[in-house]
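Reader: I am new to this structure. Could you please take me through it step by step?

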Amino acid sequence: MAEPARGFAAELKDAVTPRAALLVTAVLLLQLGFIASYVGALHNPHPHRLSIAVVAPQQLTPQLVAGLESVPNDAVRASTAPDRDTAEQRIKDQKIYAAWLVDPTGTQDTLLVADARGPAAANAAEQIVTGLDKAQGRTLAVVDTIPLAEGDADGLSGFYVVVGWCVGGYLVASILAISSGARPANSRRAVLRLGTLVLYSVAAGLGGAIVVGPVLDALPGSTTALWGLGTLVVFAVGAVSMALQCVFGIVGIGLAVLVFVVLGNPSAGGVFPPPLLPTFWRAIGAWIPNGAGTDAARSIAYLGSTNLTVPILVLAAWAMVGVVITLGTSAGRPTGHVNR
């Protein structure tokens, strides 16, 4: 005897459970957040407190500083430097983005920039100072004090390798969750997962450093230092992704994407350095592994590994939080418990 035909509503209820409907809605919100975050951060860059130092005779300095500070929308953070050598060193130490050298004996000034700190920041400084000089009937020569490597034409290689490391970190944590349960069955298995993540992080860090260094010649600097950075980035992202899955189950994968893709990538300072990002993205960028890793990669490649302390501490803090939560959520489970 044939079964009676079922109505559309009944079929729909079986095909799309309430849990599936909630997950689909969450994916939609995540997708819209992705669009809003990337377009919001990158669609209309304007400088905000872009650090430019003035090098000029003492009697001219107040007028020049005032000129920089008069640029609308708080675009410039002006300072002074006693001479060219000091200004160049401050650029290399990441204390300023550019230096305006004024020649009182002629009509041409010089702007020192560093494309290695982000070509967009160098271009913004050039536009600002060119406008001020032009208003005084003067011209401007631009000198790139830290040029990009030939294989890093747009200065994005450091950002892209960090993005790759981040992707590897949350993907490997997600694969471990999907293959054997979002939450480790007990402390022993949590330790084994973290150990697997360590091994993966070492391999991924080394692979990324070799690809962008010896293979593609995209980044100068120490391959060993980049390897260490990559290992820390992958492990930090992977450990936090693992922790999110321990707390929230499979939904933790989506939360990891929210943090590291939706928020982390556009705020990392890859396409536009922090002074050209809107307020929200500028505020969070350096405190997420994507931004901390990008800052560290640029420093290792171009800036003599200066100012590495903060980004390394940020990455270490994320890694520690991930480990503590992962171990903590599995500590009370019996050894024989099987996570379904």
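Author: The following conversation covers a helix, a surface patch and some charged pairs. This is a predicted model, in which local features need pLDDT of at least 70, side-chain atom pairs count only at pLDDT 80 or more, and totals for chains, interfaces and linings use all residues. Residues are numbered from 1 along each chain as its sequence is written, and side-chain values use heavy atoms, with hydrogens and water left out.

Reader: Thank you. How many salt bridges are there?

Author: The count is 4 salt bridges, a salt bridge being a side-chain nitrogen of Lys or Arg within 4 Å of a carboxyl oxygen of Asp or Glu.

Reader: Which residue forms a salt bridge with Asp109?

Author: Arg138 does, and the closest N and O atoms are 2.6 Å apart. Arg138 lies in the loop between α5 (119-135) and β5 (139-144), while Asp109 is in strand β4 (residues 108-113), so the pair ties together parts that are 29 residues apart in sequence. Helices (H or I, at least four residues) and strands (E, at least two) are DSSP runs, numbered from the N terminus.

Reader: And Asp133, with which side chain does it meet in a salt bridge?

Author: Asp133 meets Arg138, at 4.0 Å from N to O. Asp133 is buried, with a relative accessible area of 2%. Buried means under 20% relative accessible area, exposed over 50%, and partly exposed in between (1.4 Å probe, protein chains only). Through shared partners, salt bridges join Asp109, Asp133 and Arg138 into one network.

Reader: Is Asp109 buried or exposed?

Author: Asp109 is buried, its relative accessible area being 1%.

Reader: Let us change topic. Which residues of α12 are buried?

Author: They are Pro311, Val314, Leu315, Ala319, Gly322, Thr326 and Ser330. These residues cover an arc of only 130° around the axis, which puts them on the same side of α12; the arc is that of the directions from the helix axis to the C-beta atoms.

Reader: What do the buried residues of α12 pack against?

Author: They pack against α7 (187-215), α8 and α11 (289-302), where contact means heavy atoms within 4.5 Å.

Reader: Which residues are exposed on the other side of α12?

Author: Thr309, Leu313, Met320 and Val324 are exposed there.

Reader: One more point: where is Ser299, and what does it touch?

Author: Ser299 belongs to helix α11. Not counting residues up to four places away in sequence, Ser299 touches Gln94, Gly304, Ser305, Thr306 and Leu308. Ser299 is buried, with a relative accessible area of 0%.
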